Each structure stands twice: as C-alpha cells, then as structure tokens.
Amino acid sequence: MKRRADVVGWVVVALLAWMVAYPILIVGREAARESAIIAFARRPAEWQVLWASIWISLASVALAAAIGIPLAFLFTRVEFPGSRLLGALIALPAVLPPLVGVIAFLFLYGESGFVARGVQALLRLDHSPWHLQGAGAILLVHAYSMYVYFYLLTRAGLARIDGSMIEAAQALGASRWRTLRRVTLPLLRPALAGAALLTFMTALGSFSAPYVFGGGFRVMPTQIVASKLNGDLPRAMVETVALALVALVALSLLQRTEGQATLVALGKGTAPAPRVLVGGRGLVTTAAWALAVVLLLPHFTLLLISLVPYATWTTETLPPVLNLDNYRRLFAESDRLEPLVNSLWMALVATAASLVIALAAAWLTVRRRVRPRRIIESLMVLPWALPGTVFALALATAFSVQRPLGLRWVLVGTSAILPLAYLVRSLPLAGRAVLAGYRQLDPALEEAAAILGAGRWRTLWRVTVPLLRPSLAAGASLAFVTALGDFVTSIVLYTYNTRPISIEILSSLRLNELGIAAAFGVLLMTVSAVALLLGSRTEAWS
Amino acid sequence: MNGFLRTEVLSKRFGDTIALERLSFAVEQGEILALLGPSGSGKTTTLRLLAGFEAPDAGRVWLDGEDITSLPPARRRSGMVFQHYALFPHLDVGDNVAFGLGKRGKGEGGSVSQRVRGALELVQLAGFERRKVQQLSGGQQQRVALARALAPEPRVLLLDEPLSNLDPTLRERTRRELRQLIKRVGITSVFVTHEQEEAFDLGDRVAVLRDGRLEQLGTPDELYERPRTLFVATFVGRANVLRDEVAQAFGGKPGEVVVVRPERLQFSAQGLAGVVRERRYTGASAFYSVEARDATLRLEVQARPDAAAIGDTVHLEATGVLAFPDERGVATP
C-alpha cells in the first residue's frame with residue numbers, strides 16, 4: 001500500500017516538475033550561451049537595471065516597515081473611538097490587485113489626477129505641478145501596497161506574545177522603552193523577518209508600478225518584458241536568469257535570519273489588554289481617521305472615475321458629469337464583456353486545478369508521508385520564490401515549440417497557456433493553506449471513517465474535504481484573487497481572444513477611456529474583496 | 001491455536017525500532033481482552049494492526065476463521081473507539097452514528113434511522129440525534145463514539161484507551177457501565193490501556209506487553225498471583241523487589257530476585273528490622289514505608305491502620321513471596 005502511494009507521489013512530482021521546474025530549466029539552458037552572457041555582462045545598462053531592482057526592493061522594505069510596524073503597535077496597544085473599524089480598514093490596500101492600485105494612484109496623484117488638479121487650481125498654475133514618474137513614484141505605490149504585510153504580520157506576532165512576558169519585564173523594573181527593545185522586538189523577530197521577506201520578494205517581482213510609472217527608469221521585470229517585446233530573446237533569457245538568481249540569493253539570506261529566530265513562547269498566555277487612551281485622545285483619533293482617508297482615497301478615486309462618462313471631463317478640477325454609463329457599456333458591449341468572462345473562467349479553472357493539486361500534495365506529504373514529500377513541497381513553493389516575469393518568460397519559452405518527445409507543446413497562443421500560468425502562480429498560495437490545514441487534521445478522523453467502512457473517495461468527500469473547508473476556502477480565495485488580478489504573466493502570454501481584465505484596463509488607458517479602465521478596476525476590486533472575505537469567514541469546526 | 005480473533009507471530013518495525021516481535025495471542029468469542037503495557041510496549045501498534053491501519057512486516061491476523069491480514073480497514077467489519085473519540089465535528093450525533101450504516105442517506109426507508117436510534121438507546125442517549133457533537137460532555141462523546149462503533153454491528157470492537165479522556169471521578173463508573181454494555185452486546189473486544197486497575201476491571205483476560213513482546217496473558221488473578229516474569233510481577237500491582245542477602249533472608253535462592261507484595265509483609269516479633277518513616281492512611285488499611293539495612297532499603301508494608309507509628313522500630317516477615325531466576329528488568333510504573 002505504501003509503495004502504491006509512493007508511485008502516486010512520483011507522478012505528482014513529475015507533473016509539478018513539468019509545470020514548475022522544467023520551463024525554468026529550459027530558460028536556464030537557453031540563457032547559457034556565451035555570446036548572450038558576455039553581451040549582458042558588458043552592457044553597463046543591465047547592471048544598472050539589476051542594481052535598481054535591488055535597491056528599490058530594499059527601500060520598499062524599509063518604507064513598508066516604517067509605516068506598517070508603528071501602525072500595528074498603535075492598533076494593537078491603544079484603544080480609541082473607531083479603533084476596531086480602522087484596524088480592519090487599514091488592511092484594505094490588500095484588495096487592490098497590483099495594476100488596479102497603480103491606476104488608482106495615477107488618477108489620484110498623477111499629473112492630471114485629483115490632487116495635482118487641486119493644487120494647480122489652488123495655486124493658479126498653468127500646468128500640472130508634478131509628474132508622477134520614476135523611482136519615487138514606484139516607491140510611493142510600493143509603500144502604500146506593501147506596508148500591509150508588515151502591518152498584518154506584526155499584529156499577528158503581537159497577538160501571539162504572551163502578555164505575562166511583558167508584565168514580567170515590567171515587574172523586573174524595565175522601562176517601557178527597555179521592554180520594547182529587549183523583550184517585544186526580539187519576540188517579534190520571526191514575524192518581522194517574514195514580513196521583510198514577503199515585501200522584498202513582492203517588490204522584486206513588482207511589474208505594474210514600474211511599467212506604468214517607470215518612464216525611463218527600468219527595473220529587471222520591465223526590462224525583461226521590453227527585451228522580449230523587442231524580439232531580443234537571448235537577452236531576455238539572460239536577464240530572466242539574472243533576476244531569478246537575485247531572488248534565490250535574497251530568499252536564502254532572509255530565510256536564514258528567520259530560521260535563527262525560532263523563539264517559541266512558553267505557555268499560551270494572553271496578549272496584553274489594549275491601553276484605553278485618556279490624554280491626547282482627540283489628537284490620536286483625528287490622526288488615525290486622517291490616515292484612513294489617505295489609505296482609502298485610491299479606492300474612492302477609482303469609484304469616482306468609474307462614474308465619469310467618456311470625454312466629459314477635461315479641465316475642470318472635479319468631473320462635471322457622473323453616471324453609470326461605463327458600467328452599462330461594460331456589460332452591453334460584447335468585446336468589453338469578453339475580458340471579464342475570460343478572466344473569470346481562467347481564474348476559476350486555475351483555482352480549481354491548484355486546489356486539486358494542493359489537496360493531493362497535502363494527502364501525499366502529510367498523511368501518506370511518501371518518499372518524495374520534500375520534493376513535492378519544494379516544487380509547490382518554487383513559484384513563490386521567483387518573480388512572475390521569470391515564470392512568464394519560462395512558460396513562453398517552454399511552450400512555444402512542438403516537441404512532444406521533450407514534453408513540450410505549442411500552448412502559447414492557445415487558451416490553455418494563461419490558465420496554466422495562473423495555476424503555476426497560485427500553487428504556493430493554495431498549497432500553503434491546504435497543507436497547513438491538513439497538518440492540523442487529526443488522522444484519527446480519517447481512520448474512523450475507514451473503519452466504519454468508508455472507502456478512500458467516500459472518506460475524502462464526507463470527512464476530509466468538509467473538515468478542510470476553512471483551509472480550502474482560504475487557499476481558493478487567495479489563488480482566485482491572484483489569478484484574477486494578474487498582470488505580469490498576462491502581458492507576456494495573452495492573446496486577443498483570451499485577454500484578461502488587466503490587459504483590457506491597459507488598452508482602455510491607452511485609448512484614454514479612463515472611466516472604462518476604472519470601472520474594470522472597481523469590478524476587480526469588488527470581486528477580490530468579496531472572495532477574500534468569503535475565504536476568511538469560512539468557519540472552522542471547533 | 002483456536003480463538004475467534006487471533007494473531008500469529010505478528011512483527012512490525014518502524015525504521016530501526018522494533019514495535020512488535022512475533023506476537024501471538026487469541027481472543028475467544030465474546031471475550032474482552034485488555035492489552036496492558038507501558039508506553040512503547042507495542043499495545044497501540046497491536047490495536048492498529050488489528051484495525052488494519054498498519055500492515056505487519058510478518059505474521060497474520062485471523063478473524064472468525066478468515067485471514068484479514070491484508071484486508072483494508074473499511075472491509076474488516078471492525079468497530080473502533082478512538083482515544084479522543086474522533087467524532088466528526090461537521091456531522092451531528094445522528095449522522096455520526098449513521099456514518100457506518102452504508103451509503104443509504106437519511107429518510108430512505110426507516111432502517112437507518114431505526115438503527116441509529118437503537119444504537120443511541122444502547123448508550124442511553126436516545127433523542128440526541130440532532131445534537132452537535134461539540135455540545136456534548138466528555139462522557140456523552142465517549143458514548144456516541146461507542147454507539148457509532150457498534151451501530152454497523154461489527155465482528156470485533158477495538159478500544160484505544162477508551163477512558164483516558166474522562167474525568168478521574170467519572171472513570172470508575174464509566175468503566176463498569178462500559179463492561180456491562182459490552183457484555184450485553186456480547187461482542188468480542190480488545191482494548192488498550194496503560195493502567196493496571198482499568199485492565200483488571202474491564203478485561204476478562206489481560207495481555208501484558210513489553211518492548212513489543214507478550215510477557216504473559218492470563219486472567220487478572222493469574223497475573224497478580226502467578227506472574228511469570230519479574231516484569232509482570234512489578235508492573236502488575238505494587239511490589240517490593242529484593243536482591244542478594246535480603247532476598248535470601250526472605251527465602252530466595254542465591255542469584256534469585258524476590259518480590260514481596262505490600263500486603264504479604266507483616267509486622268512481627270522477629271525478621272528484618274527497620275524503622276517506620278512514613279505512613280499513608282487509606283481508610284481500610286495503611287501503607288507504611290519502612291527503612292531497613294542502614295537506610296539502604298525501603299520496603300512498603302500494607303497493614304491495619306493502627307499497626308505502627310512513624311519512628312517505631314519494627315520487624316518484618318513475609319507471608320508469601322515470588323521468586324524469579326534472573327534480573328530481566330523491573331517495571332517502573
């Protein structure tokens with residue numbers, strides 16, 4: 001019986017390796033051409049771009065930490081009117097898919113955005129007071145969208161800290177500052193290292209912000225796509241490998257810090273009660289609400305712009321006409337509806353497939369403990385370790401030739417390639433959720449089903465799947481939202497017939513149909529928010 | 001060897017550790033067998049092999065004349081009560097009990113719901129069908145687990161530490177009720193425990209396991225009065241273990257280890273001299289801790305509560321001893 005499970009395990013390894021590792025290896029082999037590598041090494045521009053990718057990512061980590069950590073402390077430790085609601089609202093940048101967040105920033109802070117128009121009107125300038133472009137603009141978007149990682153992980157870390165440790169430090173005579181420095185922060189280190197890793201990897205792979213706001217300023221992901229679109233494939237390959245190497249080096253360095261700090265709190269304990277603010281209450285409350293407004297402005301901007309009909313807003317500070325015309329057009333015009341339908345079905349297919357694979361992987365690695373379980377787990381997380389551009393290029397390269405003996409088929413240009421790409425990208429998310437859920441499942445429950453006469457499938461459907469529902473829902477919602485909002489792999493792999501929403505947003509922007517782009521953005525945002533809410537609200541069986 | 005449920009030289013290793021070594025025993029129809037042993041003795045592994053969750057490396061399992069060694073758990077028609085009950089939290093009490101009654105859903109014919117009701121009546125939980133399992137007390141959960149295991153009318157009932165999850169105050173009563181119920185149903189049962197009292201109270205016969213081997217299988221009286229090994233003598237019941245000259249003073253031959261139960265020691269005018277250091281009163285009797293041989297030896301004596309006081313100098317005589325040829329390990333309960 002064990003041996004049969006091992007065979008199934010190796011089949012899953014083969015499938016995952018074909019989807020995840022094989023394309024990367026093909027890119028690696030294609031890149032291993034002396035001439036291309038020498039050309040890359042000799043071009044100073046390439047090194048500049050690589051360096052830009054690294055420093056932008058490091059700066060994003062610093063900015064996100066500077067915003068997210070203090071906010072987490074504020075909302076965990078201090079109570080003021082509305083602190084609970086605000087504490088939840090503050091995580092809202094997470095529901096903006098990358099490209100949608102970027103266009104919201106464009107409408108808000110761009111040179112013809114609300115803020116610029118306001119300043120222009122206020123100071124009576126003849127032209128826009130600024131251009132939203134270059135490294136500063138990218139960092140602004142990164143700080144806004146990535147502080148959430150630090151905020152959420154720090155809050156989770158704070159909730160896990162045993163309140164009695166803080167009290168013990170204070171009973172030993174430590175001041176508030178000393179307690180923070182010597183007790184709280186060291187205990188938070190694993191959470192902070194995790195947030196730093198997540199932010200760094202996201203920033204390194206970030207494509208939308210540099211693509212829209214970069215102007216002449218290039219980072220490696222935009223550089224790779226530019227090389228690819230220019231038809232300079234050898235160059236794109238070398239660049240892809242360079243970016244992948246940076247990602248892997250960063251991952252191993254940051255994981256080492258995380259691994260060293262496995263501080264386990266002894267005993268369960270409860271988190272310290274939040275301090276009810278007495279003095280300065282008004283000031284903190286006002287500041288917090290002002291912050292919330294700033295955080296929610298992009299969402300509102302998107303909503304407002306989506307209500308502005310085409311060509312009705314030119315030089316006015318505020319749009320003169322507001323109606324639902326864009327939404328009507330979205331659903332009435334078939335070539336507008338098409339991307340919506342495309343995105344939905346492709347994301348659903350990818351989500352379903354990644355759930356099935358995650359469930360099989362969890363069963364094989366956690367329950368059957370098959371021989372290749374470590375390989376299965378590594379292959380499942382690999383797509384997370386590498387930027388989306390790397391995978392887009394790898395899939396584009398691997399599946400653009402017909403070589404059945406090499407297990408390569410022409411999938412580029414067909415409607416199979418994007419769901420495959422979404423599947424690969426969402427595997428780590430679904431995998432992590434389902435594996436964690438399976439680990440917490442008492443094996444006796446499945447044994448009880450078996451001894452009561454249930455076969456493998458009946459046990460799966462009647463016991464395992466219902467009990468894993470919270471993990472499956474969480475994994476599915478994350479996978480679905482990632483696939484639905486994907487831009488970076490879509491732009492490399494889409495065809496006109498399978499163009500997803502993000503591509504349609506981009507072309508609407510090019511045609512200056514801002515309202516349509518915003519309406520698509522609002523739809524994406526809403527569906528993402530609903531999916532994430534459903535995913536997190538599915539109750540566990542206690 | 002006969003027997004309704006029977007194992008033949010079962011062996012199982014996990015990696016380098018030997019879990020079971022050539023284990024053979026037989027259980028008669030309608031009999032309750034207790035598997036008793038310290039942790040790591042292989043009792044749980046034995047139960048899992050009987051259930052079919054693990055496959056033996058060697059040996060066979062026979063049930064009612066059928067070789068079930070390679071039969072998957074789902075086809076063995078066994079019932080099992082798990083240590084933490086493993087009730088399905090997403091199903092109510094009725095659906096938990098109905099789970100083993102085949103794929104026929106509720107409502108189709110009266111038979112499934114009738115059998116569910118019957119099983120719940122058996123454990124005195126009639127009318128609990130639509131309760132959530134999380135709402136039940138520990139004792140009720142245990143009875144639902146029992147009803148679920150019995151509902152499909154299995155050929156054999158396996159119980160993994162069935163009482164360990166209960167309140168100590170509840171345990172003794174539940175133990176008696178469980179035995180009565182099993183006897184009423186008349187099902188052949190095997191249960192695992194590490195508590196001697198539980199094994200004696202619940203089992204018709206007890207199999208003492210150690211390091212994956214069967215040390216002795218017998219009725220509680222046999223195990224207590226006529227233990228075959230030093231290990232059984234010391235694992236089952238309280239025991240004073242005596243060696244060398246002391247052992248010989250109590251009638252042992254050179255090289256023998258002598259075991260004396262506390263109730264087989266008595267205070268008398270002569271014999272081994274010692275000083276009473278502690279006295280533990282239990283009502284009907286008291287346990288005295290006696291220090292002898294310049295404080296190098298401590299003996300436990302069970303006697304009348306007024307037999308001695310702390311500080312008294314006493315002499316000890318044995319009314320019965322068990323002698324074992326070698327020193328193949330003493331149990332440390």
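**Burial in chain A.** Buried residues make up 46% of the 542 residues in chain A. A residue is buried if 20 or more other C-beta atoms, placed from the backbone, lie within 10 Å of its own. This is a predicted model, in which local features need pLDDT of at least 70, side-chain atom pairs count only at pLDDT 80 or more, and totals for chains, interfaces and linings use all residues. Residues are numbered from 1 along each chain as its sequence is written, while chains are lettered from A and ligands numbered from 1 in the order in which they are written.

**The nonpolar core.** The largest nonpolar core holds 254 residues. Such a core is a set of buried Ala, Val, Leu, Ile, Met, Phe, Trp, Tyr and Cys residues joined through C-beta atoms within 7 Å. A:L395, A:A421, A:V434, B:L35, B:A147 and B:A207 touch the most other members. Helix α18 (residues 417–440) of chain A gives the most to this core, 14 residues. Helices are DSSP runs of H or I, at least four residues, numbered from the N terminus.

**Around A:L395.** Leaving out residues up to four places away in sequence, A:L395 touches A:P23, A:I417, A:L420, A:A421 and A:L493. Contact means C-beta atoms, placed from the backbone, within 7 Å.

**Where two domains of chain A meet.** Domain 1 covers 1–24 + 321–542, and domain 2 covers 33–261 + 279–306. These bounds come from an automatic or database domain assignment. The contact takes 28 residues from domain 1 and 29 residues from domain 2. On the domain 1 side, α24(A) gives the largest share, 12 residues.

Methods:
Buried ≥ 20, exposed ≤ 12 C-beta atoms within 10 Å, placed from the backbone. Helix = DSSP H or I, 4+ residues; strand = E, 2+ residues; numbered from the N terminus.
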